Amino acid sequence: MVNEGEGFLARLGAWAGRRAEPRLWISLAGAGCALAVAGVVIISGDAQVGEDGFSDGSRLPGIILCLAVAAVGYALLHWFAETPAATAGVTAIALAVPPFFYFLTFDADGAPPWSAEAILALSAVVWLVSYVMGPARGRPLLLGAGLVAVVLLAFQFMEEPFSTGFEATFVDESPFAPDEPFPGEEPFPGDEFTSQGDEPDPTTLGIISLVFGAAYLVSARLLDRRGFAGTATPFVVVSLAAIPAGIAFLGDDLEAAGAGAAAVVAGLAVAWVGARSGRRASTVIGAGAVALGIVLIIADAMEDSSPMSIGIALLAAGGSVALAAQLLHMQTGESPQMTPGPSVFGRPGPPDGVHAAWLPPSGNQPGPRQRPVDGPPPRPQPQPQPRPQPPPASPLPPPPPG
């Protein structure tokens, strides 16, 4: 349901209030544009690297081609609002912006030759600004790309995973340098030219990923409650990638049992948000994460057990989960599957033999009459019509004839 109220998100229109429906030609247009952008990047990279490396190549073709692709994307969005061409335009903007900033900031003498901070920060700014204004306003793909860039930028600021390993590992050749080292001596004593720098800390990356994933999931729930399901969708999608990535980064610290417990907790949270917001995929993914976490816990606890014992443990665990789900359903009164809308808790189920749709709504509003499940609704009974009454007699006698 589109939120028609005033406010920043309400001005984004229908794209903020509801999720886009899947369409055949829309999807094919996006896939085709992704192939085209990949071709442009390959052509630009080939022009950047000449026969002798970067020294005789040029980054100018990459700058011009990627900028042209992004400009065409904005033009398609302006002229073709909700057609496959517009989807191709959104895809072009999302995929051509990072290569454009790569070619724009490339420095062959740098180590590394690109600036990951500049590429991620500038791309995030372009995507997020395009989401709130201009012809691409409200497009969820751009918001999702911006959210991903923010997480990767936090990675880069804290651990520099996109720059590690590019320290100087060679020395420039000199006409006065000997071709071979002196006998018995190392060519490069010490670690001055062989140091690769500190590797990124997986624990730090895992904590960052979990923090952003949890924040995005909470933001999605708040947006769904306000009626902005379209804006909430990118937050959900990015959180579904950030939370498992965070648990994977923390795998060495948590070990198998701890990772399984974390997967169970995260899966329950995702499934609850999905059910409360009416998101089928999120609910199913969350339930699957719970099952996967239980498998990890059992596998770690029964590492040396026989297959028969592991099978019995899985049978007992699965049956316990299913039984607990049934009991919690009866206790919380979650709305049935065939009731439209998200899950609602705290309302008792319909009495036996009565359709839920025929129950009176909450509050003081009158509802429809109840009827049994098996059988048609009761027919309205005809109301008796009042008999016509003779007109009342005049209190004065009629005048005498003249």
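Tutor: What follows looks at the salt bridges and then turns to the aromatic pairs. The model is a predicted one, and a search of the whole structure finds 2 salt bridges. One of them joins the side chains of R279 and D224, with N and O 3.0 Å apart. Because R279 lies in the loop between α9 (251-277) and α10 (280-301) while D224 belongs to helix α7 (residues 202-225), this pair ties together parts that are 55 residues apart in sequence. R279 is buried, with a relative accessible area of 5%, and D224 is buried as well, at 15%. The other salt bridge is formed by R18 with E21, whose closest N and O atoms are 3.1 Å apart. Here R18 is partly exposed, with a relative accessible area of 43%, and E21 is partly exposed at 44%.

Turning to the rings, the structure holds 7 aromatic pairs. In one of these, the ring centres of Y102 and W114 are 6.3 Å apart and the planes stand at 55°, so the pair counts as tilted. This pair links distant parts of the chain, since Y102 sits in helix α4 (residues 84-105) and W114 in the loop between α4 and α5 (116-132), 12 residues apart. Y102 is partly exposed, with a relative accessible area of 22%, and W114 is partly exposed at 25%. Ring pairs also link Y102 and W114 with F103 and F106 into a cluster.

Technical notes
Residues are numbered from 1 along each chain as its sequence is written. This is a predicted model: local features need pLDDT of at least 70, side-chain atom pairs count only at pLDDT 80 or more; totals for chains, interfaces and linings use all residues. Side-chain values use heavy atoms; hydrogens and water are left out. A salt bridge is a side-chain nitrogen of Lys or Arg within 4 Å of a carboxyl oxygen of Asp or Glu. Buried means under 20% relative accessible area, exposed over 50%, partly exposed in between (1.4 Å probe, protein chains only). Helices (H or I, at least four residues) and strands (E, at least two) are DSSP runs, numbered from the N terminus. Rings of Phe, Tyr and Trp (its six-membered ring) pair if their centres lie within 6.5 Å; planes under 30 degrees apart count as stacked, over 60 as edge-to-face and the rest as tilted.
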